[in-house]
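Dear colleague,

I am passing on the structure we spoke about, and it is shown just below. My notes on what turned up in it follow after that.

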Amino acid sequence: MTEKALRLGTRRSKLAMAQSGHVADAVRQLTGRQVELVEITTYGDTSREHLAQIGGTGVFVVALREALLRGDVDFAVHSLKDLPTAEHPDLVLAAIPAREDARDVLVARDGLTFEQLPDGARVGTGSPRRMAQLNAYARSHGRTIETVPIRGNIDTRVGYVTKGELDAVVLAAAGLNRIGRSDVVTDFLSVDTVLPAPGQGALAIECTAADAGLVATLAELDDPLTRAAVTAERSLLAALEAGCSAPVGALADLLADGQVVHEMRLRGVVGTTDGSSLVQLSTTGPVPTSHDEAMALGRELADEMLAKGAAGLMGERAL
């Protein structure tokens, strides 16, 4: 008798389906079992409000987690940056596969780069983190842009530019790569200019802690260096007591001599959305070899940022 198919819970968006499809293929290869995608609609998918208003934290995750806990699906795939930083007592983050490109990108009219945008250009993004850093960058070069809050899927956002409603939009490189739309990118924004969201470009594969066999199987898809990096980034976010809609950017990158990775640098930024005030710091240490070491790296940098006034720049602190 053949083993029954594993059920993978996913959001319905084109991007979520593409991400989950990649993971499903990897699990099929690993286990020889069939994997079927189970589409689940989340509050974040149906609400028309801006993410910053509906709280951001977990709005794309709750329905998937409820399906896991009910046993409707065996495992779920999330964009890691959507996952709340607090651990769930009954669920386990079984795998964080190797990360895609973590950068943000510009999709602008007429093939323009960020430097070529005219003064006063209207740039669409639903992210306070992007608004803060884009405005600060423009300001530091003696220019102004108008950041316009938008939401919707990738096609909707790119459509604002192609229809001429906005001069440009800012999106995550990883999402465009995963749905095969990187051809629309007109500029890759250096992480020295715009730090990504904590965990951006990484996927989270989650299942119930009780299913030890599946936890062990999925763990084979885990990339330890990606896990160390995103754990440090998310620890920073948690220690700032900020949700995933807060204007916090973070990136842990690995510093290598040739092929040997020897240190991890964690950078963090918090800013007011108009870009007038930013706290941006970094710390470098040995590559974390445990969850606790990665968490400590994030907390250490968060403490330094709070000492420099980061809390006052985030608006309402998450309760």
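**The sheet and its helices**

In this predicted model, three strands form an open sheet in the order β11-β12-β13, and their pairing is antiparallel. The edges are taken by β11 (248-257) and β13 (278-286), each of which has a single partner strand, so one side of each is left without a neighbour in the sheet. From one strand to the next, the twist averages 15°. Between β11 and β12 (residues 260-271), which run antiparallel, there are 10 bridges, and Gly249 stands opposite Val269 in β12. Helix α9 (residues 224-239) packs on this sheet, where it touches β11 and β12, and its direction makes about 145° with that of β11. Helix α10 (residues 291-307) also packs on the sheet, touching β12 and β13, with a direction that makes about 35° with that of β12.

**Two aspartates in loops**

Asp74 lies in the loop between α4 (62-70) and β3 (75-79), and because its relative accessibility is 18%, under the 20% cut-off, Asp74 counts as buried. The side chain of Asp74 reaches the backbone nitrogen of Arg7 at 2.7 Å, and, leaving aside residues up to four places away in sequence, Asp74 touches Ala5, Leu6, Arg7, Leu68, Cys207 and Leu214.

Asp110, by contrast, counts as exposed, at 66% relative accessibility, and is found in the loop between β5 (104-108) and β6 (121-124). Most residues other than glycine have a negative phi, whereas phi of Asp110 is positive, near 55°.

Technical notes: Residues are numbered from 1 along each chain as its sequence is written. This is a predicted model: local features need pLDDT of at least 70, side-chain atom pairs count only at pLDDT 80 or more; totals for chains, interfaces and linings use all residues. Side-chain values use heavy atoms; hydrogens and water are left out. Helices (H or I, at least four residues) and strands (E, at least two) are DSSP runs, numbered from the N terminus. Buried means under 20% relative accessible area, exposed over 50%, partly exposed in between (1.4 Å probe, protein chains only). A polar contact is a pair of N or O atoms within 3.5 Å; within protein, one must be able to donate a hydrogen and the other to accept it, and residues adjacent in sequence count only if both atoms are side-chain atoms. Contact means heavy atoms within 4.5 Å. Two strands pair if DSSP finds at least two bridges between them. Axes are lines fitted to C-alpha atoms, for helices over the stretch in contact, and angles run from 0 to 180 degrees between N-to-C directions.
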